[in-house]
Amino acid sequence: MGNTPRPLSDRVLIRQDQPTDMIGSLYIPDVVGKNYPPFGVIVAVGAGVSVDCPLPGARVLFKRRPASALVQDEREPGQDKSWVGLVMLHEEDLLGVVES
């Protein structure tokens, strides 16, 4: 990933899972404002996170926060497409680690 932002303090950078176009066996066409699931993979952590914070690469469940997405809409002109799906959250917004 090219120029990924570096989290500061107790912040965590997460790449969200992509929204699905299927609900069960029903196809949902591409629409504005798709909801991303509250799961993702940690990309980077700030220097102020606690020692029990999951490390980069861990799959986590997190609380949704308004305006935490770095790029809201991939169709905006001039947006860095590598930032689509990234969210910056406080460590306290992590709810758990998803074990595989």
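**Exercise 1. Find what share of the residues of the protein is buried.**

Step 1. Buried means under 20% relative accessible area, exposed means over 50%, and partly exposed lies in between, with a 1.4 Å probe and protein chains only.
Step 2. By this rule, 29% of the 100 residues of the protein count as buried.
Step 3. The model is predicted: local features need pLDDT of at least 70, side-chain atom pairs count only at pLDDT 80 or more, and totals for chains, interfaces and linings use all residues. Residues are numbered from 1 along each chain as its sequence is written, and side-chain values use heavy atoms, with hydrogens and water left out.

**Exercise 2. List the secondary structure elements of the protein.**

Step 1. Helices (H or I, at least four residues) and strands (E, at least two) are DSSP runs, numbered from the N terminus.
Step 2. The protein has 0 helices and 7 strands.
Step 3. From the N terminus on, the order is therefore β-β-β-β-β-β-β.

**Exercise 3. State which residues form the largest nonpolar core and which elements supply them.**

Step 1. A nonpolar core is a set of buried Ala, Val, Leu, Ile, Met, Phe, Trp, Tyr and Cys residues joined through side-chain atoms within 4.5 Å.
Step 2. The largest such core holds 10 residues: V12, I14, I42, V49, C53, V60, F62, V87, L89 and L94.
Step 3. Two or more residues each come from β1 (11-16), β5 (59-62) and β6 (86-90).
Step 4. In soluble globular proteins, nonpolar side chains tend to be buried together.

**Exercise 4. Decide whether D93 is buried or exposed, and name its contacts.**

Step 1. D93 is in the loop between β6 and β7 (94-97).
Step 2. Its relative accessibility is 2%, so D93 counts as buried.
Step 3. Leaving aside neighbours within four places in sequence, D93 is in contact with F62, K63 and R65.

**Exercise 5. Characterise S9.**

Step 1. S9 is in the segment before β1.
Step 2. Its phi is near 55°, a positive value in a residue other than glycine.
Step 3. With a relative accessible area of 48%, S9 is partly exposed.

How values were computed. Contact means heavy atoms within 4.5 Å.
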